[in-house]
Amino acid sequence: MAYVNFDTSKLGKFVHENELGEMQAMVNAADEQLRKGTGAGSDFRDWLDLPTNYDHEEFDRIKQAAAKIRKDSKFLIAIGIGGSYLGAQMAIDVLHNNFYTRNQDDTQVIFAGNSLSSSYLSELLDYVGDADFSINVISKSGTTTEPAIAFRIFREKLVAKYGEKEANSRIYVTTDKKQGALKREADVNGWESFVILDGVGGRYSVLSPVGLLPIAVSGASIDDLMAGARDAQNELTDPDLTKNPAYQYAAYRNILYRKGFTTEILENYEPNLRMFAEWWKQLAGESEGKDQKGIYPSSANFTTDLHSLGQYIQEGLRNLFETVIKLDTPNADVTVPSAEKDLDGLGYLEGKSLDWVNTKAYEGVVLAHTDGGVPVMTVHIPDEKEYSLGYLIYFFEVGIAISGYLNGINPFNQPGVEAYKKNMFGLLGKPGFEEIGDELNKRL
C-alpha cells in the first residue's frame with residue numbers, strides 16, 4: 001500500500017468504470033519503455049534509482065558542507081535556473097515554517113540567477129549587505145546566461161569582502177563531473193564541487209546534489225527526504241493499475257486529456273505548497289509539452305485563488321481538470337475564538353479547528369467544481385515532513401514519466417527550450433550568433 005492516498009472517487013461522471021482497465025495494456029508498454037529503457041530518452045532515466053543508487057561519499061560531503069555553511073554564513077546564495085533551483089526552493093518552502101527566515105540564528109537560503117531582473121539582483125545585494133555569506137552555483141556548463149551573470153556579481157562581492165583565498169573556501173559548485181567552464185574554473189580555484197549527473201535531467205534533479213545541498217543548508221534532513229523517496233521507489237514499481245497510484249495518476253490524466261481536458265491545475269490549501277506547484281509545472285510542462293501536444297500545467301493556491309480564479313474554474317471553458325494536494329495533518333492548528341457579540345457572523349464556527357474549516361472548504365470546492373464540469377483528483381499527504389515530501393516528489397516524477405510515454409512523446413528532452421536562447425544570444429551579440437542577430441533585428 002502506497003504512503004500517499006490517491007483519491008479518484010469524484011471522477012465518476014467523467015470516466016466510465018471500464019476506462020482505467022482499458023488503459024492497462026498501454027500502461028504496461030509505457031512501463032517497459034521506462035523501466036527497460038526501450039523508450040525515447042532512455043539515457044536520462046538515472047533518477048529512477050537515485051534514492052538508492054547514489055554516491056554515499058558525496059552525500060556525506062554535502063552534509064559536511066551544509067554544516068560549515070550553517071556555521072559561518074548568514075546567507076547561502078544558491079545560483080541556478082529551472083531545475084537547478086526550483087526543486088530546492090520548493091523543498092525548503094514545504095519543509096519549514098512559513099516565516100522561518102525571520103529566525104536570526106538560522107542560515108537563510110536565497111535564490112539568484114533565475115531571472116535577468118536588475119532590480120532583483122540589486123535589492124538582493126543590498127539585503128545581504130555586509131553579512132557573512134557563501135555561494136552555491138549550480139550549472140552543468142557554467143555558461144547559462146542568467147546564473148553566469150549572477151555568479152559574476154556575487155563572486156565579486158565575495159572576493160571584495162573576504163579576499164581571494166577565503167572567498168574560494170565559500171564557493172561551492174554543482175556542475176559536470178568532467179567538463180565545462182564551471183568545472184574548469186572550480187578545479188583551478190579549488191572550489192568544493194558536487195556532480196550534476198549525466199543521466200538525470202534538471203527537472204528530475206532535486207534528489208541529487210543539485211537540490212540536496214541548499215536543502216541541507218536550510219536545516220532540513222536530507223536523510224529523511226531520501227528515505228521517503230527510497231520507499232516510493234520500492235513501492236511504485238508494479239504496472240498493475242489497481243496497485244500503483246502513480247501509474248493511476250498517469251492513466252487518468254491521459255484519459256481526461258483525450259476527452260478534451262487539456263489543462264491540469266495543481267492545487268493546494270497550504271501557502272507553503274505554492275513552490276511545489278512551480279516545481280511540478282516544470283516537471284510536467286517540460287516533459288510533455290512537445291510535438292504540438294501535451295497537457296498544459298497550471299496551478300492555484302486555495303482558498304486564496306478561489307477569490308480570483310474561482311469564477312473561471314467554475315464556469316469558464318470546460319477544458320480544465322484539477323489535481324489537489326491535500327495535507328491531512330497541518331504543522332499547527334488554530335481554534336476559532338469566541339466573541340461576546342457575533343458581529344462578524346462567525347458564531348457558528350466558534351470553537352472549531354481552522355484546519356477543519358479548511359478541509360470543509362476543500363470538500364465544498366470539490367463538489368462545486370465537479371458539479372460544474374471539472375474533474376477533480378486528490379493526492380492526500382499525511383504531513384509536510386521530509387519523508388512525506390521525498391515520497392511525493394518521486395510519486396510525481398514517476399507519474400509524469402509514464403504519462404509522457406502514454407502520450408507518445410519523449411518525456412526526457414526539451415528541444416524547444418533552445419529556440420529562445422538562440423534568439424537571445426543573437427540579439428545580445430554573442431560571438432557565433434551574429435547572423436541570427438542581424439536577421440532578428442530586421443524583424444524588430
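**Reading burial, cores and pockets in a predicted model**

User: Which residues does isoleucine 215 touch, not counting residues up to four places away in sequence?

Analyst: Isoleucine 215 touches Ala88, Ala91, Ile92, Leu95, Val206, Ala220, Ile222 and Leu225, where contact means heavy atoms within 4.5 Å. The model is predicted, so local features need pLDDT of at least 70 and side-chain atom pairs pLDDT 80 or more, while totals for chains, interfaces and linings use all residues. Residues are numbered from 1 along each chain as its sequence is written, and side-chain values use heavy atoms, without hydrogens and water.

User: How many residues of helix α9 are buried?

Analyst: Buried means under 20% relative accessible area with a 1.4 Å probe, protein chains only. Helices are DSSP runs (H or I, at least four residues), numbered from the N terminus. Helix α9 covers residues 209-217, and nine of its nine residues are buried. Isoleucine 215 is one of them, as are Pro209, Val210, Gly211, Leu212, Leu213, Pro214, Ala216 and Val217. After α9 comes glycine 219, with a positive phi near 100°.

User: Which residues have the most contacts inside the largest nonpolar core?

Analyst: A nonpolar core joins buried Ala, Val, Leu, Ile, Met, Phe, Trp, Tyr and Cys residues through side-chain atoms within 4.5 Å. In the largest core, which has 92 residues, those with the most contacts are Trp47, Ile215, Phe276, Trp279 and Phe396. The helix that gives the most to this core is α15, with 13 residues. Another core of 22 residues lies apart from it, and includes Leu124, Ala150, Phe154 and Tyr162.

User: What lines the largest cavity?

Analyst: Rolling a probe the size of a water molecule over the atoms shows where empty space is left. On a 1 Å grid over the protein atoms alone, a cavity is where a 1.4 Å probe fits but cannot get out; a pocket is an open set with protein on both sides within 12 Å along at least five of seven lines, and lining residues have an atom within 4 Å of a point. One cavity of 30 Å³ or more is counted here. The largest cavity holds about 40 Å³, and its lining consists of Val94, Leu273, Phe276, Ile381, Asp383, Glu384, Ser388, Leu389 and Leu392. Helix α15 (residues 386-406) gives the most to the cavity lining, with three residues.

User: Which residues are closest to the centre of the largest pocket?

Analyst: The largest pocket has a volume of about 880 Å³. It is lined by 36 residues, and Ile81, Thr144, Gln414, Glu418 and Lys421 are the closest to its centre. Helices α6 (145-162), α12 (274-288) and α16 (417-428) each supply at least two lining residues, and α16 gives the most, with six.

User: Which helix gives the most to the lining of the second largest pocket?

Analyst: That helix is α14, with five residues. The second largest pocket has a volume of about 530 Å³. Tyr269, Glu270, Pro271, Leu354 and Asn358 are the closest to its centre, out of 23 lining residues.

User: Is asparagine 358 buried or exposed?

Analyst: Asparagine 358 counts as buried because its relative accessibility is 15%. It lies in helix α14 (residues 354-371). Beyond its neighbours within four places in sequence, asparagine 358 is in contact with Tyr269, Glu270 and Thr303. Its side chain reaches the backbone oxygen of tyrosine 269 at 3.2 Å.

Definitions and conventions: Buried means under 20% relative accessible area, exposed over 50%, partly exposed in between (1.4 Å probe, protein chains only). A polar contact is a pair of N or O atoms within 3.5 Å; within protein, one must be able to donate a hydrogen and the other to accept it, and residues adjacent in sequence count only if both atoms are side-chain atoms. Grid points are joined across faces, edges and corners, and a volume is the space filled by probe spheres set on the points.
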